[in-house]
Amino acid sequence: MSNLKSQIALVLALFVAQVTIANVIEGVAAIPDGYYDGVSGKKTPAAILTALQTCISKNYNEISYKGLEPHYLNTDFYADSLWDMYSTCHFVYEDANKAQKAVCDGWNKEHVCCQSWLGSGPMVSDLFNVYPTDARVNNLRSNYPYGVVGTNKGISNDPDHHALGKLGTSTTSGVGTVYEPDDKYKGDFARTFFYMVARYRDKILNSGDGSTMFSSNPTDLTAYSLSFLLDWHRNDPVSQKEIDRNQAVYGEQNNRNPFIDYPDLVEYVWGTMKNQQVDLESMTPTCDGGGQGPVGNVKYGVSWSVNGTIVSVDSIVENKKIQTLPEMPESCSPTSNVFVGWSSAPISGVADEAPATLFIASDQFPAVDADIIYYAVFAHAETIDNGKVESTESVNMKAQGFSNGQAVSSIQKGDVTITFGKGTAGSNVPKYYNTGEAVRCYPGNTFTVTATEITKIVLTFGSGDSNNAITVSTGNLTGSTWTGSADEVVFSVGGSSGHRRIAQLDVTMNGSGAQTIYSAFLTSCDGTEDLPSLQGETEGRPVKVLIDGHLYIKFDGRLYDILGRPARN
């Protein structure tokens with residue numbers, strides 16, 4: 001025990017000033033000469049994987065599963081705590097029995113390729129597959145396959161356990177529940193799977209839910225898993241953390257992850273260079289500054305400026321849209337100025353007009369192809385009640401990301417809520433099906449539309465619709481168009497068989513009657529000039545109106561977008 005405490009003291013001393021994981025093994029070269037001999041010249045994926053397996057299996061130092069903990073001091077110790085890719089928890093390793101001080105539930109060991117998929121053998125305790133993580137998050141992640149989450153079940157944004165990633169229904173039909181890692185670790189997880197195929201392709205890795213990720217005879221990845229693992233690998237290139245951990249694991253178990261050393265190899269086995277001859281001499285390994293080679297991903301910095309101060313910096317992969325925005329800045333002096341969006345150019349002084357392009361949500365930003373600064377835009381805001389503004393919200397069922405056959409209870413989009421019910425005349429629950437790209441409502445089922453002062457609802461039905469009669473609780477339904485004035489409209493499906501396939505609803509509302517008018521746009525709001533009131537000055541001149549987070553121009557009773565194009569009423 002005293003010897004272990006000495007190790008910890010040494011590690012803390014070495015790490016206290018470090019920003020990234022550092023290898024504490026002395027005298028180990030980055031990639032030993034001749035380590036990957038036999039790989040160059042191989043052409044087919046099978047030949048490349050066989051050659052890689054020979055390299056990374058030779059002289060492998062197997063560590064027992066129970067004996068892994070002390071090795072994390074060298075492989076996963078960051079500054080003063082263990083590095084956890086599944087949560088933001090910080091754990092201080094104290095002894096081999098896992099006594100710990102932590103802000104979360106305590107840590108344990110997590111298999112990226114779950115233990116229930118592996119059977120027995122060295123893959124159960126391979127440091128390239130087993131990482132330290134928060135115990136509760138590990139339990140929630142369970143042994144579900146990986147994938148892209150459509151409907152999140154809530155493992156992320158957990159204030160009590162600081163979970164990273166998502167757990168929910170896969171966007172791929174028939175897969176069920178999947179785990180999707182946090183964006184900054186997706187490449188790490190992908191390269192773990194690539195390693196497991198190369199290292200253990202003569203083993204069976206597809207027991208249970210593992211069959212979703214792995215095929216067999218010999219072990220390889222399924223078409224399903226490759227569909228996103230390649231994207232994760234390409235969009236999240238090898239980090240310094242991976243390079244350092246790869247080196248440290250080599251010091252512990254005497255083998256390496258070739259897809260960290262040479263990320264381009266992924267393309268030769270599964271991607272764009274498939275069936276082309278490998279030449280390692282032409283590739284620069286990541287530990288010597290090499291990149292992703294033929295994939296050519298480049299990261300650009302995006303800076304966010306508020307009153308001339310950079311509030312955060314985001315790193316974006318080339319030709320990828322911004323995924324997250326910094327926290328929206330609060331209103332600033334004078335107090336009548338409020339934040340209304342982001343602009344790609346600063347405003348000099350005070351402008352009467354909004355920027356030609358004003359971004360509010362992350363999906364509105366163009367693909368990033370250069371370093372850029374976005375500026376917070378503020379404006380003078382006034383709320384007036386001199387009339388209601390008509391707006392239409394389109395709710396498309398396919399766009400909701402439901403899985404095939406998924407029961408649907410409610411949808412929220414903007415100010416519109418749609419609630420589906422099984423009704424009183426039948427037991428079938430409304431479900432979304434890819435056929436017709438619609439929610440099927442059976443006899444006795446209902447769908448209720450709720451919003452403020454609805455004046456019109458246009459129904460669009462999916463292909464194969466049975467044309468059952470539909471009755472409404474209020475207003476008039478003529479063909480596929482409802483008209484009236486109500487805050488809630490209940491549609492009921494009639495008949496004794498068949499169903500209606502609801503593909504889209506276009507809901508027109510008069511809104512609450514309050515309008516927020518914007519003027520005096522600026523990107524620095526520390527001035528003290530008096531800003532004019534617009535009350536009583538809205539007739540006969542364009543004004544800015546913010547509806548559901550979207551900025552419009554209102555002129556002579558009609559709405560236009562910020563570029564002057566008519567908005568659908």
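**View 1. Strand 8 is largely enclosed by the rest of the structure.** In this predicted model, strand 8 spans residues 166-170, and four of those five residues are buried, which is why the strand counts as largely enclosed. Buried here means under 20% relative accessible area.

**View 2. Strand 7 runs antiparallel to strand 8.** Strand 7 covers residues 149-152, and three bridges join it to strand 8. To find your place in this pairing, look for Val149, which sits opposite Ser170 of strand 8.

**View 3. Strand 8 also pairs with strand 9, again in the antiparallel sense.** Four bridges link strand 8 to strand 9, which is made up of residues 177-180.

**View 4. One cavity of 30 Å³ or more is found in the model.** The volume of the largest cavity is about 100 Å³. Its lining includes Met85, Phe128, Tyr131, Asp188 and Thr192, along with Asn257 and Ile260. Helix 5 (186-199) and helix 8 (240-253) are the elements that each supply two or more residues to this lining.

**View 5. Helix 8 contributes the most to the lining of the largest cavity.** Four residues of the lining come from helix 8. Among the residues around the cavity you can pick out Lys241, Glu242, Arg245 and Asn246. Sorted by class, the lining holds four nonpolar, three polar and four charged residues.

Methods: Residues numbered from 1 in each chain as written. Predicted model: local features only at pLDDT ≥ 70, side-chain atom pairs only at ≥ 80, totals over all residues. Heavy atoms only, no water. 1 Å grid on protein atoms, 1.4 Å probe; cavity = no way out; pocket = protein on both sides within 12 Å on 5 of 7 lines; lining within 4 Å. Points joined across faces, edges and corners; volume = space filled by probe spheres on them. Nonpolar A, V, L, I, M, F, W, Y, C, P; charged D, E, K, R; others polar. Buried < 20%, exposed > 50% of the residue type's maximum accessible area, 1.4 Å probe, protein only. Pairing = 2+ DSSP bridges.
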